[in-house]
Amino acid sequence: MIEARHLRVLRAVAATGSFSAAARELGCTQPAVSQQMKVLEASAGTILLIRTGREMRLTQAGEALVRHASGILAGLTAAEEEVAAIAGLRAGRVRLVSFPSGSSTLVPGALAALRAAHPGTRVSLVEAEPPRSVEMLREGDCDIALAFRYGVPGAEWDDLVVRPLLTDRLIGLVPEGHRLSGSAAVGIAELAEEPWIAGCPRCRRQLVEVCEESGFTPRIDFATDDYPAVVGLVGAGLGVAVLPELAIESVRPKGARTVTVEPAIEREIVALTLPDLAQVPAVAATLDRLSLAAAR
């Protein structure tokens with residue numbers, strides 16, 4: 001295999017005309033130059049230099065290799081500089097996927113802080129709910145997935161690096177003037193006869209499980225992944241709902257009142273990445289900024 005260091009020596013010999021002059025230019029000894037040229041010729045499988053008097057002359061193969069060496073070494077130098085910039089967070093790219101309420105609450109502050117600290121690092125954002133967001137991470141379509149899960153953690157993310165961010169409690173929403181709108185806390189069974197507005201499929205499934213544990217099956221009249229739509233439907237008096245605190249932070253609940261629901265329904269908010277990606281400086285910095293945003 002031809003090595004870049006050997007190409008540098010060959011180029012120096014071609015430019016100076018001798019091993020001794022090339023050694024002076026490269027800051028090494030003449031025997032070291034001679035030895036590296038022998039190794040390069042062995043790798044190339046042919047003679048590259050011919051001694052003519054006191055000077056070295058390139059063979060046709062040597063001329064071809066020198067001609068290509070300039071482009072190879074220039075490309076390698078550019079690659080080294082780019083890698084150094086990425087390693088030093090002067091450059092880099094992070095592809096982030098997040099669920100909507102995370103996009104509107106955790107992500108903006110985290111990315112603003114990241115840009116202020118490392119303006120050369122660029123982050124792109126697309127939205128997807130888990131489990132699709134986790135699939136995107138495993139398929140190589142993103143570098144970090146902001147995700148959530150309910151209940152006791154299982155083995156679903158054992159192959160990933162999991163950065164816990166916060167615990168997000170679901171909050172009840174009832175219309176203004178509802179019989180329970182002034183209550184400090186409401187047992188979910190007290191809403192058994194109400195029409196329900198449900199959210200994303202995963203949240204919907206968790207709602208049904210909690211209600212059934214309390215002795216009833218909720219009558220879901222409307223289902224939408226759009227949190228402002230949920231709030232609007234509740235505010236219009238068309239039903240009740242439970243939404244994550246993060247979602248309520250990002251939506252002004254016009255016409256609706258929030259109530260604490262018992263038993264508590266909580267979801268764990270995490271940032272996920274692959275083990276190798278966790279070592280990439282820009283990815284690690286983004287994870288740190290998401291953690292700081294969640295702590296606020």
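I began with R257, which forms a salt bridge with E176; the closest N and O atoms are 3.0 Å apart. I placed both partners next. R257 lies in strand 11 (residues 256-262) and E176 in the loop between strand 6 and strand 7 (185-187), so this pair ties together parts that are 81 residues apart in sequence. R257 is partly exposed, with a relative accessible area of 39%. E176 is also partly exposed, at 44%. I note that the model is predicted.

Next entry: D288 and R163. I found a salt bridge here, with the closest N and O atoms 3.2 Å apart. D288 sits in helix 10 (residues 281-295) and R163 in strand 6 (residues 161-175), so the pair ties together parts 125 residues apart in sequence. D288 is partly exposed, with a relative accessible area of 38%. R163 counts as partly exposed at 26% relative accessibility.

Then I turned to E268 and R149. Their side chains meet in a salt bridge at 3.0 Å, N to O. I see that this pair links distant parts of the chain: E268 is in strand 12 (residues 266-273), R149 is in strand 5 (residues 144-150), and they are 119 residues apart. Is R149 buried or exposed? R149 counts as buried, because its relative accessibility is 8% and the cut-off for buried is under 20%. E268, at 21%, counts as partly exposed.

I followed this pair further. R149, E156, R202 and E268 are linked in a network of salt bridges.

Last, the tally. I have 15 salt bridges on record for the model.

Definitions and conventions. Residues numbered from 1 in each chain as written. Predicted model: local features only at pLDDT ≥ 70, side-chain atom pairs only at ≥ 80, totals over all residues. Heavy atoms only, no water. Salt bridge = Lys/Arg side-chain N within 4 Å of Asp/Glu carboxyl O. Helix = DSSP H or I, 4+ residues; strand = E, 2+ residues; numbered from the N terminus. Buried < 20%, exposed > 50% of the residue type's maximum accessible area, 1.4 Å probe, protein only.
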